[in-house]
Amino acid sequence: RSTSKDDTPAAPAPEAPAAAAPDASAPDASAPTAAEAASLLVERLHFFFSNANLRQDKWMRNEMKENGCITLDQLLKFQTIKSISTDKKLIIEAATELKDEITCDAEKEELRRVVPFDWETMGDGSHLSLCCKNVPLTEEEKSEGEKAFYGTKHEYAVTRDELKALFEPFGKVGIVKLRFGRKEGKAYPLGMAIIEFENDEGMAKATSELLPKEGEESAATTLEIKGNKLTFEQVKPMRCFQNKSGKRARDDDKDKKQKKEEEEEEIKFEPVKVEMVKGCVIALTGLSDETCDRESIREAVSDILKVTKDIKTSGLYVDYTRGATSGNLRLTESKPEEMKELVAKLNDGTVLIANAKVGSAKMLEGEEEVAYWKGFEEFLNNRKKADLEEKRQKKKQKRFSHKGRGGGRRRQ
């Protein structure tokens with residue numbers, strides 16, 4: 001198991017003379033700006049939900065397997081998240097920047113992967129990893145007993161970030177793991193690191209330049225760090241991910257059955273068809289991104305639309321995501337007079353939402369109305385596909401983790 005010295009608490013500093021109290025109104029010079037914090041949060045979320053991290057983060061794997069998501073409250077327990085910002089709105093905004101990787105339910109304050117993680121599909125990462133040797137270690141004064149146990153060197157002289165920067169020219173690095181051995185319950189560095197790239201392109205470029213080609217003694221590129229010339233070899237896959245051609249016939253039969261079940265599950269998906277009901281949608285803009293939510297919208301408009309405030313029986317749907325500045329009101333049946341009255345009162349400020357006047361309100365017509373219903377249908381189908389995929393992956397994981405003797409996978 002890799003361990004790190006980075007989390008070791010620092011020794012307390014000597015007491016300094018009393019200084020004048022800082023101006024409480026002055027900004028914290030060390031705190032990142034909003035733009036910097038957003039960028040840092042995007043990087044951290046990308047890492048935490050990546051294949052590279054989930055291969056080693058058992059807690060996150062189990063949490064997403066059981067609940068399908070990670071909540072914002074859970075994320076705010078991560079030191080590297082809360083050290084950047086504890087503003088949930090900022091975290092949600094960062095998550096929306098990763099829409100190809102993460103889906104965000106702002107109402108429930110939940111984040112989940114677009115593609116659920118599973119070992120059989122994602123593999124152990126060996127196909128994206130290089131083993132880097134001769135990583136420099138520090139040399140320090142030690143007692144005779146420490147020298148006998150550790151030798152003269154027992155700290156890494158480089159950080160993960162320094163190694164990551166060294167390999168970034170080849171491609172995006174997913175994770176850097178410094179390797180440690182263990183003796184009598186104590187960890188000591190092996191002078192090795194595993195560099196895992198995020199994609200095949202980065203790995204292909206690194207191996208073509210850092211590993212000798214067949215028939216050649218040296219590689220095209222040499223890497224050094226702090227005076228040490230690094231050597232490389234490709235990481236071998238874990239035994240359970242190695243050549244599957246030697247499987248028993250009954251295992252092949254199981255795979256065929258599993259494949260057939262997966263194909264049947266895929267066929268079960270039937271697209272949702274939404275019938276457009278004209279004159280039922282009001283578009284809102286200029287909503288407060290700080291105080292507005294679905295409840296405040298429903299509270300403001302229900303009486304004029306003459307509907308109850310109960311979500312299940314009102315026939316009014318509020319299409320709005322917390323933190324957004326626009327949204328839509330959708331009725332199950334047209335109420336032209338009530339809708340016109342509401343639009344007028346929203347526009348002149350007679351009706352406020354979350355104690356604030358909206359930017360604009362209008363009933364959708366023509367192409368705008370068609371585009372709304374088309375987008376609504378697409379949203380429903382995407383959500384249904386995601387639900388079916390999640391169920392399929394759960395079944396797949398269950399089958400994979402309960403294979404018989406000789407067919408199981410190594411625990412991480």
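The model is predicted, so local features need pLDDT of at least 70, side-chain atom pairs count only at pLDDT 80 or more, and totals for chains, interfaces and linings use all residues. Residues are numbered from 1 along each chain as its sequence is written, and side-chain values use heavy atoms, leaving out hydrogens and water.

Let's start with the sheet. Strands (DSSP runs of E, at least two residues) and helices (H or I, at least four) are numbered from the N terminus. Four strands form an open sheet in the order β11-β12-β10-β13, with antiparallel pairing; two strands pair if DSSP finds at least two bridges between them. Because β11 and β13 stand at the edges with a single partner strand each, one side of each is left without a neighbour in the sheet. Between β11 and β12 there are 4 bridges, and Val318 has Leu329 in β12 as its bridge partner.

Axes are lines fitted to C-alpha atoms, for helices over the stretch in contact, and angles run from 0 to 180 degrees between N-to-C directions.

| Helix | Strands touched | Angle |
|---|---|---|
| α12 | β10, β11, β12 | about 145° with β11 |
| α13 | β10, β12, β13 | about 165° with β13 |

How do the helices meet? The axes of α12 (residues 294-305) and α13 (residues 336-348) come within 9 Å and cross at roughly 135°. That makes α12 oblique to α13 (under 35 degrees is roughly parallel, over 145 roughly antiparallel, 65 to 115 roughly perpendicular, and the rest oblique). Val301, Ile304 and Leu305 in α12 meet residues of α13 including Met339 and Leu342.

How values were computed
Contact means heavy atoms within 4.5 Å.
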